[in-house]
Amino acid sequence: MIVLNKFLNTKDFISLVEKTKSLTIHENLLESIDKNYTFLKSFSADKVIYGVNTGFGPMAQYRVSDEDRIQLQYNLIRSHASGAGKPMPDDFVRATMIARLNSLSKAKSGVHPSVIEVLTTLINKEIYPVILEHGGVGASGDLVQLAHLALVLIGEGEVIFKNKRQATAEVFKKEGIEPIQVTLREGLALMNGTSAMTGIGLINYHNATKLLQWSMNCSALINEIVEAYDDHFSVELNSAKLHVGQSTIAEEMRNHLKDSQLTKKREQHLYTGENNEVIFKEKVQEYYSIRCIPQILGPVYDTIENVGKVLEGELNSANDNPIIDSDVEQVFHGGNFHGDYVSLEMDKLKLVVTRMTMLADRQLNYLLNAKINEILPPFVNRGVLGLNYGVQGAQFTSTSTTAENQALSTSMYIHSIPCNNDNQDIVSMGTNAAQMASRTIENAFQVMSVELVAIYQAVKYLGIFDRLSSKSQKIITNLEGIIPDIIEDKPLYPVIEKTKNFIKN
């Protein structure tokens with residue numbers, strides 16, 4: 001059980017998204033929400049407050065009469081529930097709901113307590129609003145995506161419940177759920193925020209950490225397959241560069257390979273003083289995709305770590321406008337809904353995920369090209385050369401998917417397009433960036449799955465299982481029920497899919 005109160009860390013957030021823990025609200029939190037709501041109700045009685053008694057966006061110059069205030073909130077929700085495209089996956093929607101709940105729980109939005117209660121009920125009952133993938137530009141928050149969430153909270157629109165798309169009103173009636181009370185600014189408060197991009201972004205961060213671990217696993221296994229020298233992940237070499245990520249990756253590699261019987265000591269081969277050949281039989285240095293792992297994955301590690309810190313900060317922020325501060329009894333207008341922090345981190349994440357994809361594709365190519373590895377048959381073909389084809393066909397999938405990731409890595413952060421009658425004249429495109437980052441991650445899992453299929457065949461072909469490190473042995477053993485011995489040709493798409501699901505989940 002996770003009790004929502006002051007701070008929700010990333011680990012607990014992911015537990016809630018993955019439904020491994022249930023959610024409840026601390027009683028003190030509801031008291032704070034009610035205090036904040038009561039203050040705004042009193043404070044706004046004789047003052048001009050954006051979105052309470054004014055229109056929205058460039059229409060803020062128009063006063064809204066007291067008798068139309070509630071209708072104003074309904075109009076905002078209904079008019080902006082205008083997304084397009086496919087419905088977002090359930091985990092994205094759940095993450096969005098949890099992120100919005102957590103932001104509103106900071107008691108700086110002036111919402112009625114019923115918003116917190118109904119949103120918590122929907123999360124716990126796994127009733128998910130139909131939120132379409134294309135919408136907001138990520139500046140005045142995820143306006144369009146969150147409008148679809150707000151639409152459900154007022155009892156309208158559609159939900160996914162028990163894997164079925166249904167009318168919200170019907171599900172609410174069956175489950176005994178009353179819509180939220182709309183009084184002051186519940187529509188604006190629900191929509192003004194970065195919760196869609198933040199929720200999706202945190203899922204991306206979580207999956208990127210898995211990718212990084214598998215990238216290190218694959219890199220360690222390839223070092224063993226080619227019997228590489230171990231000095232390229234030594235303390236001495238990597239501490240000569242002052243980067244946390246590089247030293248961390250090098251340490252991970254050393255821990256993974258510490259009991260390997262395959263990696264070599266340079267002093268036992270090239271430092272003996274007995275190497276008199278003109279052309280050395282043994283490689284003096286391996287290809288970059290094998291020996292530069294700390295230098296390549298080091299900045300990936302640093303970037304992913306920073307993404308996690310920024311997104312955890314955004315998750316626990318009041319990303320609304322205006323900010324209702326009942327402690328100092330003041331309302332502050334500004335732009336906390338702006339998604340630049342998330343957008344920039346998603347662009348960074350796309351880049352490093354694509355870098356891992358490229359590394360996996362190059363390592364795969366090394367294994368499949370007999371002319372450069374000089375130890376394996378072409379395409380790790382364990383059948384009859386010319387008659388059978390090994391992993392040849394799957395390489396096309398890896399290469400094409402890597403190319404798609406390279407194209408997807410184009411920045412959204414710098415693709416601002418003014419809109420909203422130029423009121424939103426510089427925007428973040430944060431949710432676009434988050435969804436594109438998600439696709440690069442899915443692609444990267446696919447490419448890494450092809451690489452693992454080839455690694456598995458290489459280990460079996462060379463008969464080196466008993467000499468692998470204990471960590472590598474565990475990986476190969478776990479893959480035995482997923483990846484078959486490819487001797488006779490067979491369709492590989494089910495194998496790639498099973499491998500992807502294994503390393504992702």
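**Exercise 1. Is phenylalanine 502 buried, partly exposed or exposed?**

Solution. Start with the cut-offs: buried means under 20% relative accessible area, exposed over 50%, and partly exposed in between (1.4 Å probe, protein chains only). Phenylalanine 502 has 28% relative accessibility, so it counts as partly exposed. Tryptophan 214, at 12%, counts as buried.

A note on the source: this is a predicted model, where local features need pLDDT of at least 70, side-chain atom pairs count only at pLDDT 80 or more, and totals for chains, interfaces and linings use all residues. Residues are numbered from 1 along each chain as its sequence is written, and side-chain values use heavy atoms, with hydrogens and water left out.

**Exercise 2. Find the number of aromatic pairs, then classify the pair of tryptophan 214 and phenylalanine 502.**

Solution. Apply the ring rule: rings of Phe, Tyr and Trp (its six-membered ring) pair if their centres lie within 6.5 Å; planes under 30 degrees apart are stacked, over 60 edge-to-face, and the rest tilted. The count is 4 aromatic pairs. For tryptophan 214 and phenylalanine 502, the centres are 5.9 Å apart and the planes make 65 degrees, an edge-to-face pair. Now place the two residues. Helices (H or I, at least four residues) and strands (E, at least two) are DSSP runs, numbered from the N terminus. Tryptophan 214 lies in helix 9 (residues 195-225) and phenylalanine 502 in helix 19 (residues 493-504), so the pair ties together parts 288 residues apart in sequence.

**Exercise 3. Classify the pair of tyrosine 287 and tyrosine 366, and locate both residues.**

Solution. The ring centres are 5.3 Å apart and the planes stand at 65 degrees, so this pair is edge-to-face. Tyrosine 287 sits in the loop between helix 11 (244-257) and helix 12 (288-291); tyrosine 366 is in helix 14 (residues 340-368), 79 residues apart. Next, accessibility. Tyrosine 287 is partly exposed at 39%. Tyrosine 366 is buried at 3%.

**Exercise 4. Which charged residues lie over the face of tyrosine 229?**

Solution. The test needs NZ of Lys or CZ of Arg within 6 Å of the ring centre and within 35 degrees of the ring normal. Lysine 264 lies over the face at 4.6 Å from the ring centre.

**Exercise 5. Trace the strand pairing around strand 6.**

Solution. Two strands pair if DSSP finds at least two bridges between them. Strand 4 (residues 128-129) and strand 6 (residues 158-161) run antiparallel, joined by 2 bridges. Here proline 129 stands opposite valine 159. Strand 6 also runs antiparallel to strand 7 (residues 164-167), with 4 bridges. Glutamate 158 stands opposite alanine 167. Finish with the turn: strands 6 and 7 form a hairpin with 2 residues between them, and lysine 162 there has a positive phi of about 55 degrees.
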